[in-house]
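Subject: A structure for you to look at

Hello,

I am passing on a structure that is new to you, with a few notes on what turned up in it. Have a look, then read on below.

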Amino acid sequence: MKYLMNQLHNLANILTGVEELKEEGKYRFICYSISLIHVVITARFLLLNYTILYIYNFFVVLFYFFLGTFLVPRKKFYAVFLCCYVEIQLHSVMASLLAGWDWGFMIYTLALIPVAFYLAYALPEFNRSIRKPFYYTFVILVVFIAARIISNNTTPIYTERVFDQNLTISYTFNALVAFVMLIFFSVLFIIEIRRNELQLERQNRQLEALSSKDPLTGLLNRRSMDKCLTEAVELSRKKGVPFSIIIGDIDDFKKINDTYGHNVGDVVLTTVADTICSHVPEGASVCRWGGEEILILVPENKVDALPIAEEIRSSISQTLTRAEDTTIHITMTFGVAEYSPGLAMTKLIASADDNLYKGKKEGKNRVVA
């Protein structure tokens, strides 16, 4: 029971596109299913003693088993399609001419049309060209019309053995199989479309994440922080939620770059970014504001933001970076400012900047509010 539930769950995930339908499993299932259908048809012709048709269908059963067992694992999916395309039309024409049009075997050729259009979308060999499935459809149409004309002007070999019950059963079976093929490939088309939609959604999220972050440090970029600041102002206006900003600047960063090179400067930046992110509270946003300047948005008033800034400063001051057998001692100065209703964002940032530069003048490696 548990196994059945798991399989149904997997099927539901595949139908919704959450879980990918493996190409090998899909084509193997198709080949084995067609092989099973031909087992039924072989048995039917054997019972009616339609010698040519049951011998042909017996070998077709083996043929599809070969496709599923040997070609599919080698990912020869286009070759599998061509084999199925040719065989289904050959069998349909042969059965229609030898047993009679009324058996309904030519319905299978019509069921190939959506298959060709589906594979034009799913198989790379088609290059998603809309012309190729139309070529295959045109061939199907020509074969269908030709078989109809020939059957109208010739007498089936096995006419003497045909009676109403056989015709009804066989036509119903052939029509049912054709409808199942149509439904099956329609569902596959839906799965492919949903899978591509999900893939596109994932790619869009990845692109959005990349466009919102600084490529070096992984922190938010300035555009993303502007959005966060706007949302914080709106939340403060509607619900009175306080927030403060902390602006930090790495002390003597130009000297580090000039002495050790920009590669070492990049290491210092990423080290500082990682340290800050590990000490900010939940709900805070951290941004590379520009150069070696970091802006932190915390959902706290200034009284509570100060110890956060001090904790970050203290942690950074204890951080050492190795470069060319030299240990670099990193320090950082911070300015803190709290938002008050109606205050322009430019003035809030300017206030934090003023506190930052006041800290620089007072000796660096400190927090000023």
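The lining of the largest pocket comprises 21 nonpolar residues, one polar and no charged ones (Ala, Val, Leu, Ile, Met, Phe, Trp, Tyr, Cys and Pro count as nonpolar, Asp, Glu, Lys and Arg as charged, the others, Gly among them, as polar). This is a predicted model, where local features need pLDDT of at least 70, side-chain atom pairs count only at pLDDT 80 or more, and totals for chains, interfaces and linings use all residues. Residues are numbered from 1 along each chain as its sequence is written, and side-chain values use heavy atoms, with hydrogens and water left out.

On to the charged pairs: the structure has ten salt bridges (a side-chain nitrogen of Lys or Arg within 4 Å of a carboxyl oxygen of Asp or Glu). In one of them, Lys-360 pairs with Asp-249, with 2.8 Å between the closest N and O atoms. Lys-360 belongs to helix H12 and Asp-249 to strand S1, so the bridge ties together parts 111 residues apart in sequence (helices, H or I, of at least four residues and strands, E, of at least two are DSSP runs, numbered from the N terminus). Both Lys-360 and Asp-249 are buried (under 20% relative accessible area; exposed is over 50%, partly exposed in between, with a 1.4 Å probe and protein chains only).

Arg-313 also forms a salt bridge, with Glu-310, at 2.6 Å between the closest N and O atoms. Arg-313 counts as buried because its relative accessibility is 14%, while Glu-310, at 33%, counts as partly exposed.

Best wishes
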